[in-house]
Amino acid sequence: MEDASRGGTYTGTEPMGLLWSLRPIPGSRHGLRMRKKNVLSPMVVNISVYKGHMNQGFSEEAALATVVTERWYLAPGVQRVDIREQGVKGTLFIPPGPGLFPAVLDMWGGGGGLVEYRAALLASHGFVALALQYLTPNKERTLDIETGYFEMAYHILQSLPQVSSDRVAVLGLSFGASVTLTLAAYSKTAKPRCCVCISGSHVHPVNKTLFEFFQLMNQSLAKSRIDENNHVIWRDVILPIPTEPDLKVDVGKIKCPLLVVIAQDDQSWATVESTEDMEQIMERSGNRHLLTVLSYPDAGHLIEPPYTPHIRFSNFINQHNREKVIMLWGGQTKPHADAQEDAWEKILLFLQKHLYQDIPPEAKL
């Protein structure tokens with residue numbers, strides 16, 4: 001793209017600006033967030049050019065020109081397999097070829113459900129990826145989830161015939177990052193080769209079930225705030241960072257490389273303060289050299305794969321009481337888009353460095 005945009009949802013020369021600056025059309029329901037649910041089909045984008053400047057009434061005008069583009073989340077040959085094994089629920093994505101492949105256990109956050117598009121992209125880059133579901137609309141099912149569930153998911157992934165069993169990573173966003181840190185620090189059976197934590201915190205009660213965790217969270221929600229637009233700000237819920245050892249993961253116990261990705265305008269979680277505390281703990285424990293931190297000014301909580309539209313706020317259902325709120329995630333559109341692009345590139349390089357180096361000779365990649 002050579003011609004600069006002079007206005008609208010972005011300005012300047014931005015080849016992917018039409019995607020990362022997408023917004024709900026005027027009059028849409030408040031709090032919408034665009035996410036790809038079916039990764040087997042592409043995201044179809046219709047781009048039309050009209051005479052003059054318009055911000056509504058497109059359906060009533062004839063376009064001067066129209067082009068249809070597709071964004072695929074699955075590379076040719078990637079397999080998608082439903083996993084329902086030993087109580088574990090998720091979706092597995094397997095790159096084409098016999099393997100052996102490195103693998104990634106992929107976990108999203110407190111919004112729950114089964115989110116597949118990041119795992120699909122990871123498989124398209126050569127990793128077997130398991131998108132794990134662990135928070136569901138079924139409250140009783142969620143409350144049954146304990147550490148053993150995540151360890152079982154790890155071992156299911158590790159034992160696949162296409163997977164190099166000693167080259168498994170864990171990646172988590174938001175609450176999924178807390179689970180990732182817990183596994184890395186305490187699990188006796190799940191030993192990830194490396195971990196990636198996006199917009200998360202180590203403030204997570206030790207040796208507690210999800211039921212007990214959400215009980216503790218409920219007690220702290222009084223510290224949350226509401227802004228002038230009636231959007232909920234959660235970042236104060238875990239502040240100040242506790243000093244009690246049983247209220248946070250002892251990251252000093254982590255023995256594998258750890259990449260932490262944070263946003264400086266995260267309004268959902270106190271990730272900046274958490275990361276500062278993690279650095280201090282790891283420094284005292286002698287494993288600070290394992291930690292790499294990517295910190296992005298003016299980015300918000302939802303650091304997703306590149307060109308995902310920036311969503312500053314959206315609908316969210318609290319896991320503890322199923323109450324629907326509008327959550328403020330933070331971030332400004334252009335810096336957030338830049339952060340997503342840069343972070344994704346560095347995440348892939350990190351995984352390739354620690355999972356692909358010194359692959360055994362028998363592997364067929």
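1. The backbone nitrogen of A190 sits 2.8 Å from a polar atom of the S187 side chain. The backbone nitrogen of T189 lies 3.2 Å from a polar atom of that S187 side chain. For these polar contacts, a pair of N or O atoms must be within 3.5 Å, one able to donate a hydrogen and the other to accept it, and residues adjacent in sequence count only if both atoms are side-chain atoms.

2. A word on the basis: this is a predicted model, where local features need pLDDT of at least 70, side-chain atom pairs count only at pLDDT 80 or more, and totals for chains, interfaces and linings use all residues. Residues are numbered from 1 along each chain as its sequence is written, and side-chain values use heavy atoms, with hydrogens and water left out.

3. S187 belongs to the loop that links helix 5 (175-186) to strand 8 (194-198); helices (H or I, at least four residues) and strands (E, at least two) are DSSP runs numbered from the N terminus. S187 is buried, because its relative accessible area is 5% (buried is under 20%, exposed over 50%, partly exposed in between, with a 1.4 Å probe and protein chains only).

4. L173 is part of strand 7 (residues 163-173). With a relative accessible area of 4%, L173 is buried. L173 and I311 are 138 residues apart in sequence, and their C-alpha atoms are 16 Å apart in space.

5. K255 falls in the loop between strand 10 (232-233) and strand 11 (258-263). Its relative accessible area is 70%, so K255 counts as exposed.
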